[in-house]
Amino acid sequence: MMEEKPLHFLDQPIEVIFKIPPVREKTPDCPDGFIWDGKNFRITEKISEWSDFKRRGKMARNMRPSHADAAASRGSLNVGRYYFRVRTDSRQIFDIYYDRAMKSVDERKGQWFVYREITIPS
């Protein structure tokens, strides 16, 4: 089994590119590319995907335990992240994610981030 190794932890916002925009904005598919640090990256392969609906901070304390268990498996309003491990046309491998949390009352959409660049030994 190949074990990935982080090269760089980034956790910086990105702008994503979709050939066809997702039907549900808060549950997106893997994008076709992204713009980060002024550079365009075309995604050539989705290696894997996963989600994390864990409630953090004060959000973790504002639910009854039975409801929190259900929310942890399927998500709840403005809580959760969708992760994608992707290979780009530059042959780099990145973990990117969509954070469903809204920025403010006026900006209800979530935000995309490049989480880290990794290497998978051959």
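Contact, as I use the word here, means heavy atoms within 4.5 Å. With that cut-off I looked up phenylalanine 94, not counting residues up to four places away in sequence, and found it touching Leu10, Phe34, Trp36, Phe41, Phe84, Arg85, Val86, Thr88, Val114, Arg116 and Glu117.

Ground rules for myself. This is a predicted model, where local features need pLDDT of at least 70 and side-chain atom pairs count only at pLDDT 80 or more, while totals for chains, interfaces and linings use all residues. Residues are numbered from 1 along each chain as its sequence is written, and side-chain values use heavy atoms, with hydrogens and water left out.

**The sheet**

I traced the strands next (DSSP runs of E, at least two residues, numbered from the N terminus). I count two strands as paired if DSSP finds at least two bridges between them. What order do the strands of the open sheet take? I read E1-E7-E6-E5-E4-E3-E2, 7 strands with antiparallel pairing. E1 (5-13) and E2 (15-17) stand at the edges with a single partner strand each, so one side of each has no neighbour in the sheet. Neighbouring strands are turned by 35° against each other on average, direction ignored; the axes behind that angle are lines fitted to C-alpha atoms.

I then picked one pairing to follow. E6 (residues 93-99) and E7 (residues 111-119) run antiparallel over 7 bridges. Isoleucine 93 stands opposite isoleucine 118 in E7.

**The core**

Phenylalanine 94 turned up again here. I took a nonpolar core as a set of buried Ala, Val, Leu, Ile, Met, Phe, Trp, Tyr and Cys residues joined through side-chain atoms within 4.5 Å. Buried is under 20% relative accessible area, exposed is over 50%, and partly exposed is in between (1.4 Å probe, protein chains only). Which members of the largest core touch the most others? I noted Ile14, Phe34, Trp36, Phe94 and Ile96, out of 17 residues. E3, E4 (39-52), E5, E6 and E7 each supply at least two residues of this core.

**Salt bridges**

Side chains of opposite charge can pair when their charged atoms come close. I counted 6 salt bridges in the structure, with the criterion of a Lys or Arg side-chain nitrogen within 4 Å of an Asp or Glu carboxyl oxygen.

Glutamate 25 bridges to lysine 109, with the closest N and O atoms 3.8 Å apart. Glutamate 25 is in the loop between E2 and E3 (33-36) and lysine 109 in the loop between E6 and E7, so the pair ties together parts 84 residues apart in sequence. Glutamate 25 is partly exposed at 42%, whereas lysine 109 is exposed at 53%.

Lysine 46 and glutamate 49 form another, at 2.4 Å between the closest N and O atoms. I have lysine 46 as partly exposed at 41% and glutamate 49 as partly exposed at 47%.

**Arginine 85**

Is arginine 85 buried or exposed? I found it buried, at 8% relative accessibility, and aspartate 95 is buried too. The two form a salt bridge, closest N and O atoms 2.7 Å apart. Arginine 85 lies in E5 (residues 81-88) and aspartate 95 in E6, so this bridge ties together parts 10 residues apart in sequence. Leaving out residues up to four places away in sequence, the contacts of arginine 85 include Glu4, Glu45, Trp50, Ile93, Phe94 and Ile118.

Key
Helix = DSSP H or I, 4+ residues; strand = E, 2+ residues; numbered from the N terminus. Axes fitted to C-alpha atoms, helices over the stretch in contact; angles between N-to-C directions.
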